[in-house]
Amino acid sequence: RNRNLPLPQGSDQSERRKTMNEVKLQIDGKEVIAQEGATVFEAAKSAGIEIPHLCYQENLGPTGDCRLCVVEVSGARTLVASCAYPVTSNMVVFTNTERVIKARRLAIELLLSDHPFDCMTCEKSGACGLEKYAYELGVATSRFQGEKHDYPLDETNPFFVRDYNKCILCERCVKACRDVQFVEAIDLAQRGFDTKVAAPYDRSLLDSTCIFCGQCVAACPVGALVEKNRMCKGREWELKKVSTVCPYCGVGCNLELNVKNNRIVKVTSPVDSVVNKGRLCAKGRFGFDFVHSEERLTKPLIRIGERGEGKFRDASWEEALDLVASK
């Protein structure tokens with residue numbers, strides 16, 4: 001296009017740039033318009049087409065680790081990872097062919113080859129990505145014999161438990177720590193079947209730069225990272241989400257209280273939150289136990305005497321508010 005051409009009446013420069021950056025492609029027979037530079041996964045999502053994925057998360061960059069999001073692109077010799085493959089004009093994409101389904105089943109089998117089959121007692125059951133896609137793809141067992149480990153639970157962290165045996169090495173926790181929080185407390189260590197997520201020199205997180213924000217817990221798609229306070233407190237499908245605002249400071253982070261029997265089991269935050277984009281500090285994510293403390297005040301108290309001397313008496317709300325107003 002000639003950039004020197006006059007703009008159509010009623011349009012502006014930004015609108016022209018927007019039009020010039022649009023790319024038309026076809027996904028599963030449906031015409032889709034995406035922005036130049038978008039990935040096939042993003043284009044499909046904008047068109048309401050769901051592509052299975054484990055290593056991809058909206059607020060993290062593409063990795064292409066799990067190979068579950070592979071699709072078939074006309075003209076491409078091999079299947080491509082849609083989370084990292086950019087769209088091009090007139091591209092034709094198929095997300096659900098027999099070849100694609102076969103490849104996804106293989107990916108699930110490889111992940112299950114060294115993964116424990118304890119979904120019935122796993123805290124993540126009902127919200128686990130691996131469980132979800134294994135069910136949808138009809139994969140109940142694995143033809144492959146992976147090198148299963150028997151790592152002990154890492155409970156050295158004060159807020160969450162790490163189970164290395166359930167980790168699928170999707171790197172979402174690593175990217176959340178590095179690219180969202182800019183802390184870089186963890187990364188992949190070792191090689192081959194011995195690869196695992198670890199702090200430098202495989203030391204405890206207490207000896208690392210970890211700030212205990214729990215962003216890694218929020219990013220984990222399986223049961224490898226679980227909040228200590230939610231252990232044995234209820235299944236994921238039993239938890240009711242209640243939207244609220246964090247009470248700790250003036251930022252106003254959006255929270256989702258995961259509640260069962262009127263008790264908070266854990267705290268999460270929606271990724272599409274305008275204020276904090278799913279990010280929380282240690283207080284916002286883990287510091288909710290005060291809500292159910294038996295030491296909480298249940299009625300207003302008024303200090304006794306002029307100097308107070310640390311003594312209080314019970315009062316009604318009316319008396320307390322009148323006193324505050326008069327002061």
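Let's start with two strands: β10 (residues 240–245) and β11 pair in the antiparallel sense over 6 bridges. Two strands count as paired if DSSP finds at least two bridges between them, and strands (E, at least two residues) and helices (H or I, at least four) are DSSP runs numbered from the N terminus. This is a predicted model, in which local features need pLDDT of at least 70 and side-chain atom pairs count only at pLDDT 80 or more, while totals for chains, interfaces and linings use all residues. Residues are numbered from 1 along each chain as its sequence is written, and side-chain values use heavy atoms, leaving out hydrogens and water.

Look along this pair of strands. Lysine 241 stands opposite asparagine 258 in β11, and threonine 244 stands opposite leucine 255 in β11. On to the next strand: 5 bridges join β11 to β12 (residues 263–268), and these two run antiparallel. Here leucine 257 has valine 267 in β12 as its bridge partner. β11 and β12 form a hairpin with 2 residues between them, and asparagine 261 in the turn has a positive phi of about 55°.

Put together, the 3 strands form an open sheet in the order β10-β11-β12, with antiparallel pairing. β10 and β12 stand at the edges, each with a single partner strand, so one side of each has no neighbour in the sheet. How covered is β11 (residues 254–260)? Strand β11 is mostly covered, with 5 of its 7 residues buried (under 20% relative accessible area, using a 1.4 Å probe and protein chains only).

Now for the helices. Helix α3 (residues 98–112) and helix α4 (residues 129–136) pack at an angle of about 135°, with their axes 10 Å apart. Axes are lines fitted to C-alpha atoms, for helices over the stretch in contact, and angles run from 0 to 180 degrees between N-to-C directions. Where they touch, Ile108, Leu111 and Leu112 in α3 meet Leu130, Tyr133 and Ala134 in α4; contact means heavy atoms within 4.5 Å.

Finally, visit helix α5 (residues 172–180), where 7 of the 9 residues are buried. Among them are Arg172, Cys173 and Val180. The buried residues of α5 pack against β7 (187–189), β8 (196–198), α6 (215–219) and β9 (225–227). Just after α5, phenylalanine 182 takes a positive phi of about 60°.

How values were computed
Buried < 20%, exposed > 50% of the residue type's maximum accessible area, 1.4 Å probe, protein only.
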